[in-house]
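Student: I have just opened this entry and would like to go through it step by step. Could we begin with the strands?

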Amino acid sequence: VSRSGGGGDQSELPSAQAAPKLLDTSTIIDGRIVDICRSGFVEGPIIIPHFVLDELRRIADSADSLKRNKGRRGLETLNVLQKDVPIEVYTWSMLSC
């Protein structure tokens, strides 16, 4: 695979592996990422930072029913991503680097 630069130069793109995708809380709550991954549009692994998991759990435990429903929807989206989507999903802690 190659791409054309501004001056007509050809540079070779690495073809070994697609870059990982880092998901935030709003993307997970939205839920459309599941269909996007199922369509094959997303290549490479998906990374879920632990602070995003913590935020989803806090939202799901909220006293506000609207927030609680959003948090639960986000946790369900993660469950579907991990079990039903043909893409690698990892959790990541910033302390492990």
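Tutor: E4 and E5 run parallel and are joined by four bridges. Strands here (E, at least two residues) and helices (H or I, at least four) are DSSP runs numbered from the N terminus, and two strands pair if DSSP finds at least two bridges between them. This is a predicted model, in which local features need pLDDT of at least 70 and side-chain atom pairs count only at pLDDT 80 or more, while totals for chains, interfaces and linings use all residues. Residues are numbered from 1 along each chain as its sequence is written, and side-chain values use heavy atoms, with hydrogens and water left out.

Student: Which residue is the bridge partner of Ile48 in E5?

Tutor: The partner of Ile48 there is Thr91.

Student: And what pairs with E4 over two bridges?

Tutor: Strand E3, residues 21-22, pairs with E4 in the parallel sense. Leu22 of the chain stands opposite Ile47 in E4.

Student: Which residues of E4 are buried on each side?

Tutor: Ile46 and Ile48 are buried on one side, and Ile47 and Pro49 on the other, with both faces covered. Buried means under 20% relative accessible area, exposed over 50%, and partly exposed in between (1.4 Å probe, protein chains only).

Student: Changing topic, which residues touch the most other members of the largest nonpolar core?

Tutor: Cys37, Ile46, Ile48 and Leu81 do, in a core of 19 residues. Helix H1 (25-30), helix H2 (32-38), strand E4 (46-49), H3 and H4 each give two or more residues to this core. H3 gives the most, with four. Such a core is a set of buried Ala, Val, Leu, Ile, Met, Phe, Trp, Tyr and Cys residues joined through side-chain atoms within 4.5 Å.

Student: What is Cys37 in contact with?

Tutor: Leaving aside neighbours within four places in sequence, Cys37 is in contact with Val42, Ile46, Leu81, Val85 and Ile87. Contact means heavy atoms within 4.5 Å.

Student: Which residues of H4 are buried?

Tutor: Gly71, Gly74, Thr77, Leu78, Val80 and Leu81 are buried in H4. Their cover includes H1, H2, E4, H3 and strand E5 (89-92).

Student: Is Asn69 buried or partly exposed?

Tutor: Asn69, which is found in helix H4, counts as partly exposed at 44% relative accessibility.

Student: Where does Ser62 lie?

Tutor: Ser62 lies in the loop between helix H3 (50-60) and helix H4 (65-84). Ser62 is buried, because its relative accessible area is 16%.
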